[in-house]
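Reader: I've got a structure to go through and would like to talk it over. Can we take a look at it together?

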Amino acid sequence: MLELSAAQAIAAIEAGELSAQELFAFYRERANEHGGLNCFTWIADGVPLPSGGPLSGVPLAVKDLFCTEGVPTQSGSRILEGYLPPYTATVVSRLSDAGATLVAKTNQDEFAMGSSTENSAYGPTLNPWDRGRVPGGSSGGSAAAVAAGLAPWALGTDTGGSIRQPAALCGVVGLKPTYGSVSRYGMIAFASSLDQAGPLTRDVTDAALLLKHMVGRDPCDATSLQLPGEIAKPQAERLDGVRLGVPAELLTPGGDFAGAEAEPGVRDAFERTLKLAEDLGASVQEVRLPHAPYALPAYYVLAPSEASSNLARFDGVRFGMRAPDATDLLDMYTRTRHDGFGPEVKRRIMLGTYALSSGYYDAYYGRAQRVRTKIAEDFRSAFQDVDLIVTPTSASVAFELGEKTANPWTMYLSDYFTVPMSLAGIPAISIPCGLSPASDGASPAGGGLPVGLQIAGPAFSENRLLDAAHALERAIGFDGVPARV
Amino acid sequence: MSERYEPVIGLEIHVQLATATKMFCGCELSFGEPPNTRTCAVCLGLPGSLPVANARAVHFGLMIGLALGSELAPRSIFHRKNYFYPDLPKGYQISQYDEPLCLGGRLGDVRIHRVHLEEDAAKLIHLGASGRIHGSDVSIVDFNRGGTPLAEIVTEPDLRSPEQASEWLKLLRTTLRQLGVSDVNMEEGSLRCDANISLRPSGTSELGVKTELKNMNSFRFIERGIRAEIARQETLLSSGGKVLQETLHFDPGSGAITSLRSKEEAHDYRYFPEPDLVPVAIDEAMIGEARAAMSELPAERAERLEELGLSADSAQQLAFRGELGDYFEAALAAEVDPAPPPQALANWVTGELLGRLADGEDPADSRVGARALAALVGLVSAKRVSVGAGRQVLDRLVAEGGEDPAAIVQAEGLAAMDGGDELWSIVAAALAANADAAARVREGNAKAIGPIVGYVMRETKGRAEGTEVARLVHEQLGI
């Protein structure tokens, strides 16, 4: 059962070779047995009744920040400890209507703020390739669970790279769809204009299948929209005529961003993949995204600004934690938020509050919005010349626990390659493209650590993106088995 | 009030819109239901919930904009206004900031600055002696009201007295009621008004430092509150002091004005565009629907009434108080003989009739039917009944009702006298009885005619026409 991808498991269930309950019980037991990785914040009690639908009851792990009625939803935060939402997020409902069954909620950085899952109030998730290393974040629990074979597939969310970067660091597939294509209703917000749900899966075919049942306009989310067509099963085996663009500005960062330069092992894997792409018929050319280096600072103004407002509702009045014995209203607010939020969340609330303050708004928020517009224009203009843009997903392979926690800036640099696409609202996928020795020369389970390739396309180009990823995936032949526990 | 300073007053009016559901969720509006029974994940600000703008509220907002002659923004956006308070579940209010739905406009003498949409806060109830959040034993929140759609109407500082402010607000209330967009009930809070008040030396045009006066929840309190604040500022300025920019609270019980917060303590609301909503894009179809839903724009009605031959003043008075216009037009449409000329009818509606009714009473609710008034004004205008006798008939109609003024005229013997022998001899008798006055009139003192006319009117029970009496007096005196 462990060898089956989700799509293969569905086929087996439909063929009568496997029962959905059997599969669910299998994964539920594995999830319970391997608590040491700390992938999960909740695991289903019993085995659900058989459900029909195209997803045939295949179990699904869901990032903790998706509201699930009656099931703990804590968004990695102490302030929501034990919180049971009275309703279920639209995307989770859609998947369950399509026949997916909720097997577990996955660990994450608190309110999705982080790149290592070390910011969870419920302890860090470990990377199954090397338990001394982080799985990336913020959807680290989902990525690690899929990599370790503790769930067939999982839901994550991506604000600045929170699906793609952990997918890369754990050697799985992670897709951030076009902004608006998946409803945000019931996703506990980090930065509303950037947050987007997406699949974390073993392969590209599963990613397409899960996404197919996630997308669609939701009357409860005013920013959601209908994709122009259905998400199709990716079939491409060749890349004939596909023009791939490599953005020079991202690959050779300078100045303040020098630390974001891809490490040699990542670079090697990336370049080997470009060669493979050419072998499949693609052309590779340099492309310019002049404002892309400014994406990171713009992102770290915009996302905290929205977060500072989104997190104001955690005030101890109506739900979640409330500090006991407060002397008055202000005391209740400050003590609840002091005790309930972790340090990174507080840092971003303060950054965002400052950036939105009267007298600073234009210099920070206003300017960051203008940068965002420029970056979107850069991509539009680049997509005149190329069909898809490719970069490494992350400059480094999985780093060690605690390696970047002392210095927030080095942690923020983890998002260097993924944030521009988030600001532009365009779809991007990360697929494993090989192994690299860790920068310190350590050689874990499979002789190296996974490297991710990021492929980005214009808005609504999900099918083209998935096709290209499918063709490359076949050619790369990445082996994720060493990570399975 | 002395004449040294001129008050400058602008109003900010919050109007609860009478939509079926709340501004950003599907909860029905609450009318006194048990606390926290009209709530959902969205209006409770639960994690993960998202707002969706109420199209009906936008529609009502456009109707208000049209009625006030505002420019309707083709694209407007919502902002978040961030501050912490227990009646604000999300920690921010969704409102409109620098790109509101409607800009500019005018109602009567007062220019409109803007009209925008937002959501109402929940209701806080403080238990304990203080009655306010500080020092209360327990404060409880009822979220039924939270998220109710509001239109905020902001005027330019064009008002100059408490009475004018209160009068104008009544005009606005009538306009909104006519539109059917709100219950506009001040006591129940569906119409709420804050005033920005400053003084400046009479004859100057620069604006003084203003204060914002809150919590005036009736027309009477608005007049009293503004008057008290003008007096406070005047005392300050007269003694060489300075007015501080601050937000003030008016206590209707004691009449006291206390400071809520100074400029330094003012919130930094950290406005930014609401990322959970898309811009409100207005198209011709939406404007057309808003226009079609309105019986007639007051400004358009004023124009049409002027074309009937009414003065601009009368036309505006009737158009801007829709119920007066309705009554007038019903009277005009009544087929009575002789028919009243429109201007005379308008004067009787807005002058004689309104003067006999309670403040703010709709004439349609009075005992005077529109047809009866039309018949009466027809008789007066045809000089079959004198003005004075007409007033007596109207008194009777107001008190007792009745369909047929002519019958009252008949029964009371109030028919106008023609200029025949009867009146001639009564005038002669009046001159004889007021010989002194007659002498003074002859000497050129026009005012001395009063007692003579008074005598005639008494004798004729007001049936005589004043101008005819004067003519006969002059004729008999040979002047």
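Reader: How many residues does the contact take from chain A and from chain B?
Author: Keep in mind that this is a predicted model. Contact here is a matter of C-beta atoms within 7 Å. Counted like that, chain A puts in 33 residues and chain B 25 residues.

Reader: Which helix gives the most to the side of chain A that touches chain B?
Author: Helix H9 (295–310), helix H10 (329–340) and helix H11 (343–356) of chain A each supply at least two residues of that side. By class, the residues on the side of chain A that touches chain B split into 18 nonpolar, 9 polar and 6 charged. The top contributor, with 3 residues, is H9(A).

Reader: How are H9(A) and H11(A) oriented, going by the angle at which their axes cross?
Author: Their contact includes A:Val301 and A:Pro304 from H9(A), and A:Arg348 and A:Ile349 from H11(A). The two axes come within 7 Å and cross at roughly 100 degrees. Angles of 65 to 115 degrees count as roughly perpendicular, so H9(A) and H11(A) are roughly perpendicular.

Reader: Over in chain B, what is the distance between the end C-alpha atoms of helix H8 (residues 342–355), and what span should the helix have?
Author: H8(B) has 14 residues, and at 1.5 Å a residue the helix should span 20 Å. The end C-alpha atoms agree with that, being 19 Å apart.

Reader: Is A:Ala112 buried or exposed?
Author: A:Ala112 sits in the loop between E3 and H4 of chain A, and has a positive phi of about 65 degrees although it is not a glycine. A residue counts as buried if 20 or more other C-beta atoms lie within 10 Å. A:Ala112 has 30 of them, so it is buried.

Key:
Residues numbered from 1 in each chain as written. Chains lettered and ligands numbered in written order. Predicted model: local features only at pLDDT ≥ 70, side-chain atom pairs only at ≥ 80, totals over all residues. Contact = placed C-beta atoms within 7 Å. Helix = DSSP H or I, 4+ residues; strand = E, 2+ residues; numbered from the N terminus. Nonpolar A, V, L, I, M, F, W, Y, C, P; charged D, E, K, R; others polar. Expected span 1.5 Å × (residues − 1). Axes fitted to C-alpha atoms, helices over the stretch in contact; angles between N-to-C directions. Parallel < 35°, antiparallel > 145°, perpendicular 65-115°, else oblique. Buried ≥ 20, exposed ≤ 12 C-beta atoms within 10 Å, placed from the backbone.
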